[in-house]
Amino acid sequence: MEIAYIALGTNIEPREAYLTGALEKITEHEEIKMNNISSIYETDPVGYTDQADFLNMIIEVETTLSPMDLLAYCQGIENRLGRERDIRFGPRTIDLDILLYGEETVSTDELTVPHPRMHERAFVLVPLAELAPSYSIPKVGERVEDLLEKLPEADKKGVRDWSAEDERNDT
């Protein structure tokens, strides 16, 4: 069994339903056990900014799947939940990114682990610090909490606690 961390993100309504659907589908696989779930955060878009805010979270799983098989399963979930890849960093029903897979490093055309930009992104580091603050990122060689501390305050302000209750009160 390997421990893997998977980031989930969505910015197309119903955002909460897409997160819930992805979590349900992940737990349906007999070779994936969900160990821990971060809080949900509402985050400003990064890269392509002319789009709605995201909901982001991270899960910790144990799996016997290889990194490539885990990727294929995650992409299948994205497809079943209507993911379209029209604009790089653009709007999406659901995005599942394998951030970390044990201590392994993977570098193929389809998958790079650790995720190549995770150490620069508050929307990844904030929820990951909830689950594994002392985890030292392979290749980067620094702990999650230290990487988060180094990020500019403006980046961290773009990541806000979110609750479904807040969303219902806004409508």
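Predicted model: local features only at pLDDT ≥ 70, side-chain atom pairs only at ≥ 80, totals over all residues.
View 1. Residues are numbered from 1 along each chain as its sequence is written, and side-chain values use heavy atoms, with hydrogens and water left out. Valine 61 belongs to strand E4, residues 54-63 (strands, E, at least two residues, and helices, H or I, at least four, are DSSP runs numbered from the N terminus). Leaving aside residues up to four places away in sequence, its contacts (heavy atoms within 4.5 Å) include Glu2, Ile3, Ala4 and Ile6, plus Ile26 and Ile32. Tyrosine 5 is 56 residues away along the chain, yet the two C-alpha atoms are 6.3 Å apart.

**View 2. Here's the one aromatic pair that a search of the whole structure turns up (ring centres of Phe, Tyr or Trp, its six-membered ring, within 6.5 Å; planes under 30 degrees apart are stacked, over 60 edge-to-face, the rest tilted).** Tyrosine 5 and tyrosine 135 have ring centres 5.7 Å apart and planes at 75 degrees, so they meet edge-to-face. Tyrosine 5 is in strand E1 (residues 2-10) and tyrosine 135 in the loop between helices H3 (122-131) and H4 (144-150), so the pair ties together parts 130 residues apart in sequence. Tyrosine 5 is buried at 4% relative accessible area, and tyrosine 135 is buried at 15%.

**View 3. Helix H1 covers residues 15-28.** Its buried residues include Tyr18, Leu19, Leu23 and Ile26. Ile26 also turns up among the contacts of valine 61.

Technical notes: Expected span 1.5 Å × (residues − 1). Buried < 20%, exposed > 50% of the residue type's maximum accessible area, 1.4 Å probe, protein only.
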